[in-house]
Amino acid sequence: MTNKKSQTSKTPQGTKPQADALANYVKTIKQCKSDEATNFTKLADAFYQIQEQELYRCANYKTEAAFFKDKLSYSRSTSLRLAKEGRLLHRLSSTEDKLV
């Protein structure tokens, strides 16, 4: 049986720019949460960026899933799905840029 302490054990603090980026993405997620369908692209991108840049470590979390659950009340499966969809959107936008 694992306790919550093991999931949120201390990790090295990030840099000031990383902490600022994390705060901005958290703010975006909280703003988008009221209407997820309309704000899907922003929401998915914020989840993706937090995961990709490992910004959750700035808040002393070992995993992004623990961070999303504790700080934003998103389940592990939902948060990881949104991050995956954000990654897909990011890749599609990169492909689109190359085609133009």
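Mentor: In helix α3, the residues Leu-43, Ala-44, Ala-46, Phe-47, Tyr-48, Gln-49, Ile-50 and Gln-51 are buried, where buried means under 20% relative accessible area with a 1.4 Å probe and protein chains only. This is a predicted model, in which local features need pLDDT of at least 70 and side-chain atom pairs count only at pLDDT 80 or more, while totals for chains, interfaces and linings use all residues. Residues are numbered from 1 along each chain as its sequence is written, and side-chain values use heavy atoms, with hydrogens and water left out.

Trainee: Why are α2 and α3 called roughly antiparallel to each other?

Mentor: The axes of α2 (residues 16–32) and α3 (residues 40–52) cross at roughly 150° and come within 9 Å; angles over 145 degrees count as roughly antiparallel, and the two helices are therefore given that name.

Trainee: Which residues of α2 and α3 make the contact?

Mentor: From α2 come Leu-22, Tyr-25, Thr-28, Ile-29 and Cys-32, and from α3 Lys-42, Leu-43, Ala-46, Phe-47, Gln-49 and Ile-50, contact meaning heavy atoms within 4.5 Å. By class, eight residues of this contact are nonpolar, two polar and one charged.

Trainee: What makes the reach of α3 close to the expected one?

Mentor: The expected span is 1.5 Å times one less than the number of residues; α3, with 13 residues, reaches 18 Å from its first C-alpha to its last, against an expected 18 Å.

Trainee: What is the phi of the residue that follows α3?

Mentor: Glu-54 follows α3 with a positive phi, near 55°.

Conventions: Axes fitted to C-alpha atoms, helices over the stretch in contact; angles between N-to-C directions. Helix = DSSP H or I, 4+ residues; strand = E, 2+ residues; numbered from the N terminus. Parallel < 35°, antiparallel > 145°, perpendicular 65-115°, else oblique. Nonpolar A, V, L, I, M, F, W, Y, C, P; charged D, E, K, R; others polar. Buried < 20%, exposed > 50% of the residue type's maximum accessible area, 1.4 Å probe, protein only.
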